[in-house]
Amino acid sequence: MSNQLLKIENLCVNVDKKQILKGINLEINKGEIHVIMGPNGSGKTTTANAILNNPLYTKTSGSVLFDGKDITNLKTDEIARNGIFMSFQLPEEIPGISVTNFLKYAKNKITEKPVKIFEFKKEIKTYMEELKMNPEYMERSLNVGFSGGEKKKNEILQMLVLNPKLAILDETDSGLDVDAIKTVSKGIEMFKNKKNAVLIITHNTKILHSLKVDYVHVLIDGKIVKTGNQELAKKIEENGYEQYKK
Amino acid sequence: MSKTNIDEINRNIYDIKNKDEYDYKIKKGLTAEIINEISRQKSDPEWMRQFRLKALEVYNELELPTWGPDISELNMDEIATYVKPKTDLKNSWKDVPEDIKDTFDKLGIPEAEKKSLAGVGAQYDSEVVYHSMKEELIKQGVIYTDMETALREYSEIVKEHFMKCVPIYDHKFVALHGAVWSGGSFVYVPKGVKVDIPLQSYFRLNSPESGQFEHTLIIVDEGASLHFIEGCSAPKYNKVNLHAGCVELYVKDNAYLRYSTIENWSKNMLNLNTKKAVVGKNAQIDWVTGSFGSKISMLYPMSILNGKGAKTEYTGISFAGKGQNLDNGFKVIHNAENTSSVVNAKSISKNGGSCTYRSLVRINDNAKKSKCSVSCESLMLDDISKSDTIPVNDIRTDEVEFSHEAKIGKISDKAIFYLMSRGLSEEDAKAMIVRGFAYPISKELPIEYAVEMNNLINLELDGAIG
């Protein structure tokens, strides 16, 4: 059995007819944590959206393989049901549906099995405690009136509950204070095992202080220009991205 | 992104048509002769016959409204105003004829009653065919009966209140109603009696080209409380059907009334209904309205806050699909000190449907220290649907708190993508957003109506949300 989970080959993506990604290659194996770093506008969020096949992002060439299956042109919900999760930079507010009911509904869709509500609620509560979330949020409308930090924690909560094979975290650390970043890191550690993988997308290195990662990729102007280990992140922290720009 | 619309409501269970059987159907058109005939058929007391004739005069004098949706397709000469079903009032469900019973069964009426509703009155065409009320309520002196019986047995109280709250001069369709009204519910809750389970009635039109002019008269006496639920439905015919009912609510000092409605008329119905409540000192009327059916709807329940400290809340939702023009809203008159009103109106339009929120808020100069807060939100599910807000605010004193908020929006692609990234299909995602939008209204409804409303919104999707 192959250990490979995600394989992106020569991916080119346009947004509003403008080319943003100019041939991305990326391989992620089970059990690994990868980080894509890069300055604003380099194509980080585009990479995440393209993997999930957001219709606003047009793939002009290249392919995305997941668990041996070509998912390049699958619909977003099918990709999610195949086991990819994305934590949003700006999670949407959905009035009138509680966090619990939403998670129950989504879990049903992903596992295609009915959820046992009592155990399920207990599970959610446990995760919320770990993430230092107020349990009252279970009954509140999804993300409505949540602070930025609460929204991000709620994304991590969803990741834990939905338990995907690959979690893509798009700027989950941005805008969080040190304690919240630690909590998020803890959530990632709880989630992580030998069979799944995490792809962290960030423009700064703060989260890497409390989390051990396997690979760091530097994304500049729609291309991965350098790949290394945690050391690479340190260098960027000291010297910035300038040396990787043309 | 390819566009997926939330689908037309599956109306199958609402569109069950019975054979158009009736033992008597009056000639088309409207004359004093016809009004006299209606009156004779119904064994009206003389004052009621005179009242009907007066209303006919007013009807003939008044013009059709020149504002709002175009109702020129309506030809009153084409509408048979009185259809008497082939059965008399029954006290037991068993005695109702099979096909009529079948229709009600499909609509869940006796089931609803079994779920411990206090009483059910079902109106089939123009006469109430089935009526019942729990024993203990009768013992407490609560009266719940059809209008014809009330006219015979409680004539004084009917005469004192009948079309006093909604005068026949209000508009042409009210005058018409006064002339040809038939059927409807009468409720009286004596002083201090709290009816803690809802009373409900169900109106249904079956015959093509027939109008429905039921009259609802509810009196909640001092310190009493009641929740009344009205549901309306009609199967579909090609000719235009008219509904011009009238609802008069008297909420006396310190009393409470909650009036809930789900209107699901078929898509050829013109719903020109008039509803008003007169509210006494420290009393409260709450309206909860779901408007889904009909071709054209012009419906603006009105609260007249006459007593100091009187309150009203309006919570309403309209859902217009293809070919529907729902012009709904709310009117409130603050006519005493310290009165307050809260309006929460929502609308959803799709497939070219049109929703308008039309309202009147009047705060008289004797209504100092009053409060009014209005919020209306519209959701359009595509680019061809319409939504509009036409508020009229007439405030005649300075010492008031008044706020008005209006929001018109579409389902955002970002929200759909967010939900799809959690494994929901595009249809599921849209339905979840729409149900969530409607939730503040549906949570105000009794559970079986909330379920009905969700089914109406829901459409072809399984997995109801808990």
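Residues are numbered from 1 along each chain as its sequence is written, while chains are lettered from A and ligands numbered from 1 in the order in which they are written. In this predicted model, local features need pLDDT of at least 70 and side-chain atom pairs count only at pLDDT 80 or more, whereas totals for chains, interfaces and linings use all residues.

**View 1. Chain A as a whole.**
Chain A has seven helices and 12 strands. Helices (H or I, at least four residues) and strands (E, at least two) are DSSP runs, numbered from the N terminus. The radius of gyration of chain A is 18 Å, close to the 18 Å given by the globule rule for 246 residues, so chain A is as compact as a globular protein of that length. That radius is taken over C-alpha atoms, and the rule is 2.2 Å times the number of residues to the power 0.38. Along its principal axes, the C-alpha trace of chain A spans about 55 × 40 × 40 Å. Of the 246 residues, 45% count as buried. A residue is buried if 20 or more other C-beta atoms lie within 10 Å of its own, exposed if 12 or fewer, and partly exposed in between; the C-beta atoms are placed from the backbone. Among contacts in chain A with a separation of 6 or more, 72% join residues 24 or more positions apart. Two residues are in contact if their C-beta atoms, placed from the backbone, lie within 7 Å.

**View 2. The six-stranded sheet of chain A.**
This open sheet has the order β6-β9-β10-β3-β11-β12 (chain A), with mixed pairing. Two strands pair if DSSP finds at least two bridges between them. At the edges stand β6 (84-87) and β12 (223-228) of chain A, each with a single partner strand, so one side of each has no neighbour in the sheet. Neighbouring strands of the sheet are turned by 20° against each other on average, direction ignored. Strand β3 (residues 33-37) of chain A pairs with strand β10 (residues 197-202) of chain A in the parallel sense, over five bridges. There, A:V35 stands opposite A:I200 in β10(A). Helix α5 (residues 148-162) of chain A packs on the sheet and touches β6 and β9 (166-170) of chain A. The direction of α5 makes about 165° with that of β6(A). Axes are lines fitted to C-alpha atoms, for helices over the stretch in contact, and angles run from 0 to 180 degrees between N-to-C directions.

**View 3. Helix α1 of chain A.**
Helix α1 spans residues 44-51 of chain A. Eight of its eight residues are buried. Among them are A:K44, A:T46, A:N49 and A:I51. A:N53 follows α1(A), and its phi is positive, near 55°.

**View 4. Two residues of strand β4 in chain A.**
A:Y57 is found in strand β4 (residues 57-66) of chain A. A:Y57 is buried, with 20 other C-beta atoms within 10 Å. Not counting residues up to four places away in sequence, A:Y57 touches A:V13, A:V15, A:T46, A:N49 and A:A50. A:T46, A:N49 and A:A50 are buried residues of α1(A). A:Y57 and A:V15 lie 42 residues apart in sequence and 5.2 Å apart in space, C-alpha to C-alpha.
A:T58 also has its place in β4 of chain A. A:T58 is partly exposed, with 15 other C-beta atoms within 10 Å. With residues up to four places away in sequence left out, A:T58 touches A:V13 and A:N14. A:T58 and A:N14 are 44 residues apart in sequence and 5.1 Å apart in space, C-alpha to C-alpha.

**View 5. Strand β18 in chain B.**
Chain B holds 11 helices and 25 strands. Of its 466 residues, 53% count as buried. Both faces of strand β18 (residues 302-305) of chain B are covered. B:M302 and B:I304 are buried on one side, B:S303 and B:L305 on the other. Strand β15 (residues 274-279) of chain B runs parallel to β18(B), joined by four bridges. B:K276 stands opposite B:M302. Four bridges also join β18(B) to strand β20 (residues 325-334) of chain B, again parallel. B:I304 stands opposite B:I333 in β20(B).

**View 6. Where chain B touches chain A.**
The contact takes 22 residues from chain B and 25 residues from chain A. On the chain B side, α9 (413-420) and α10 (426-442) each supply at least two residues. The largest share, seven residues, comes from α10(B). By class, this side has 12 nonpolar, six polar and four charged residues. Ala, Val, Leu, Ile, Met, Phe, Trp, Tyr, Cys and Pro count as nonpolar, Asp, Glu, Lys and Arg as charged, and the others, Gly among them, as polar.
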